[in-house]
Amino acid sequence: MARVSPRLMHLVLIIILFSVSHAKSNLSSQALTLLRIQRLLNLPAVLSRSNNYTNLCDIEPSLSLTIICYEEKITQLHIIGEKSAHLPRNFSMDLFVTTLVRLPSLKVLTLVSLGLWGPLPGKISELSSLEILNVTSNFLYGVIPQELSSLSSLQTLILDDNMFSGPLQDWMSSFPLLAVFSAKKNLLNASLPNSLSRLENLRVLGLSHNHFFGEVPDLSALTNLQVLELADNAFGPQFPKLGKKLVTLVLSKNKFRSGIPAEASSYYQLERLDLSFNMFVGPFPPSLLSLPSITYLNVSRNKFTGMLSENLSCNAELHSVDLSSNLLSGSLPTCLLSDSKDSVMLYDRNCLSIGNQNQHPLPFCRNEALAVGIIPDRSKQQRASKSVRASVITAGIFGGVVLIGLIFLVYRRMNTKKTMKKSPTRSITENASAGYTSKLLSDARYISQTMKLGALGLPSYRTFSLDELEEATNNFDTSTFMGEGSHGQMYRGQLKDGSFVAIRCLKLKTSHSSQHFMHHIEHILKLRHRNLVSALGHCLECYLDDYSVSRIFLVFEYVPNGTLRSWISEGHHRRSLTWTQRISAAIGIANGIQFLQTGIIPGVYSNKLKITDILLDQNLVAKISSYNLPLLEVNIEQVGQGVSSGGSTSSHVVARMKHDDATVVHDFGVILLEMIKGRPVKCTTQVGVLKDQLQVVIAADDAARRSMVDPGVKQTCLDQSLKTMMEICVRCLHNEPADRPSFDDVLWNLQYAAQVQDAWQQGECLSSDGSPVSPSQSPRLTF
């Protein structure tokens with residue numbers, strides 16, 4: 001046997017060591033990264049088996065650690081610790097993520113219950129191949145980093161059980177493939193962005209146990225959405241608009257109030273529905289019990305009404321139902337009487353005719369339904385009895401109101417005569433510019449006379465029966481619900497003659513006596529004007545036990561053409577007001593405001609008027625829809641009682657009236673500003689800047705003024721008309737309330753702008769020199 005020389009032996013050993021070293025280097029970079037992760041996580045046991053560098057991708061998966069490789073590159077890393085895991089104070093989340101991004105091939109990253117704490121660094125987006133990121137049950141806080149939006153391949157993002165805060169931003173819609181987004185049990189707040197509706201691939205959306213509030217965006221476009229969990233927030237009051245492929249819908253512990261829409265009966269794939277612990281009102285749809293896929297239904301702790309019957313059908317797979325703590329009556333459906341140990345059927349604290357459950361007496365549910373603004377189901381005999389009693393009370397109240405109205409008219413007429421003797425009627429000829437023709441001047445009329453014609457064309461005020469309103473709204477069906485504000489719920493109805501009305505339901509407190517609502521109806525009778533959304537009548541609702549009034553239904557005219565803003569700054573090319581129509585709308589608003597301030601006693605103040613409060617009817621007549629109606633407010637009642645009884649108004653009330661008048665002038669100026677600019681004006685700072693710009697261009701030339709006006713009308717408005725509108729707008733926005741014009745002055749200037757514009761359009765030769773001033777400031781003209 002030949003001997004191998006020592007020199008050759010040494011060479012073979014070097015070759016063997018090089019081969020081993022080379023094999024080790026193929027995985028050393030990834031292995032060292034995992035070792036670094038192990039140390040940063042305080043040497044958790046889950047990584048103890050990864051010290052073998054040569055077979056890193058062959059480690060057997062377990063509940064604690066799973067490593068999956070492709071072509072010797074780690075593509076999935078799952079590390080799951082214990083709930084009680086805590087990391088030391090010197091732990092650095094930034095350093096931890098910096099280490100993680102050394103595994104650039106990662107597609108799936110799961111880091112659950114590891115005690116991670118600190119803000120989630122935006123550099124995690126350097127894992128550009130990530131498709132799934134799950135960091136559940138840690139202590140991560142701060143906002144969700146916007147850098148995540150660069151992960152174009154991300155399909156699942158789970159941030160549950162952390163301390164993330166702040167709102168969800170619009171950039172959340174930038175994930176083209178996102179199918180699962182869950183951020184339950186965090187501190188997220190604000191309202192949800194509408195951009196969520198653009199996540200067309202979204203199948204699961206979980207946002208339960210946060211601090212979100214407001215309306216849920218319209219999610220009906222998310223046709224793939226199957227799971228929506230929004231429990232324990234402050235969403236509401238409207239039921240969200242959703243697609244029809246839902247399998248799980250959890251809305252419990254929120255502030256939803258409106259009834260369940262009819263579309264819910266078409267959720268054929270729905271298996272789990274939880275609406276518990278809300279403020280839902282209206283009838284409970286029995287069809288929910290028989291949805292073809294439903295297995296779990298919980299509507300407890302709401303104010304659902306309706307009469308159940310024994311023969312209602314249920315889905316055979318329905319194993320858990322909770323109807324407890326509602327206002328349901330009738331008999332329990334036979335299909336809910338199950339003795340199976342696997343079934344849970346709860347229905348106590350209703351008014352059901354069941355002897356073996358804790359139920360309220362039937363009158364309890366009826367009175368509670370009335371108290372929260374719901375009209376429960378009643379027999380024809382009960383309804384007829386109630387209507388008769390309500391009519392008797394209504395007749396007595398209405399008679400008293402008519403008597404008060406007659407006294408008011410006599411009082412008003414006597415004061416009008418005194419006023420006419422003291423101050424003669426002014427003519428618009430006192431304030432025109434010398435360049436205009438005598439025909440234009442002779443056609444002008446004193447603007448305040450429009451108040452006398454304001455109420456023409458409205459139907460007479462009358463009382464409505466409760467049955468009439470129920471028929472108009474299909475028993476106040478949720479489809480007729482228009483919204484809810486501080487002054488009650490609003491419904492849309494159609495009367496027998498085909499006309500549409502808006503019906504406001506106002507709940508009375510037990511402390512309100514008959515004098516309170518008599519005084520209220522007295523004001524309602526007077527709010528009749530062409531430029532107000534005026535009251536057409538009322539109806540009184542009574543309790544069944546003592547016949548006291550529980551609610552007032554106020555019936556208003558229905559205005560179909562949307563808000564003024566939708567025709568000015570949010571309009572389309574086919575839906576925009578001309579310059580003449582804008583001036584006409586401004587005159588209408590001013591007329592309505594002046595009527596509110598002077599046309600009734602004691603007047604309506606603190607309007608806080610916005611352009612969205614102005615509606616346009618079918619003839620594009622502007623109508624004020626939101627004004628500070630004295631809805632049984634004590635301070636206004638006391639003022640009204642003092643005036644009607646002949647007492648003098650206190651100096652405090654007079655000062656308040658003057659201040660409120662000046663405030664409304666400023667609010668009107670903001671509306672004029674938006675009508676001139678054609679763009680939404682939404683903040684005080686913007687108002688100040690635009691006012692200063694108007695002041696500059698008023699003193700400049702025609703071209704400068706037209707550069708400020710809405711492009712849609714700047715070629716069709718006369719410069720003199722535009723300049724007049726700009727001047728009165730700036731005066732309305734004056735910083736000092738005492739320097740703002742009266743509404744007589746405002747109306748005069750608006751009428752002037754309308755007349756010169758109209759004369760120009762009719763071809764009269766008009767001069768554009770000068771601009772009018774207020775009636776009290778201008779000299780008389782000589783011809």
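Residues are numbered from 1 along each chain as its sequence is written. In this predicted model, local features need pLDDT of at least 70 and side-chain atom pairs count only at pLDDT 80 or more, while totals for chains, interfaces and linings use all residues, and side-chain values use heavy atoms, with hydrogens and water left out.

The sheet comes first. Helices (H or I, at least four residues) and strands (E, at least two) are DSSP runs, numbered from the N terminus. Two strands pair if DSSP finds at least two bridges between them. An open sheet is formed by 4 strands in the order β17-β19-β21-β23, with parallel pairing. The edges are taken by β17 (281-283) and β23 (351-352); each has a single partner strand, so one side of each is left without a neighbour in the sheet. Within the sheet, β19 (residues 303-308) and β21 (residues 327-330) run parallel and are joined by 4 bridges. In β21, S329 stands opposite M307.

Next is helix α10, residues 579-598. The expected span of a helix is 1.5 Å times one less than its number of residues. Relative accessible area (1.4 Å probe, protein chains only) sorts residues into buried (under 20%), exposed (over 50%) and partly exposed (in between). In α10, 16 of the 20 residues are buried, so the helix is largely enclosed by the rest of the structure.

The last topic is charged side chains. A salt bridge is a side-chain nitrogen of Lys or Arg within 4 Å of a carboxyl oxygen of Asp or Glu. By this rule the model has 12 salt bridges. One of them joins D94 and K123, at 3.3 Å from N to O. This pair links distant parts of the chain, 29 residues apart: D94 lies in helix α2 (residues 93-100), and K123 in the loop between β4 (117-119) and β5 (132-134). D94 has a relative accessible area of 39% and is partly exposed; K123, at 27%, is also partly exposed.

A salt bridge also forms between K107 and E131, at 3.9 Å from N to O. Here K107 is in the loop between α2 and β3 (108-112) and E131 in the loop between β4 and β5, 24 residues apart. K107 is partly exposed at 36%, and E131 is partly exposed at 26%.

R462 and E468 meet in a salt bridge at 2.8 Å, N to O. R462 is partly exposed, at 33%, as is E468, at 22%.
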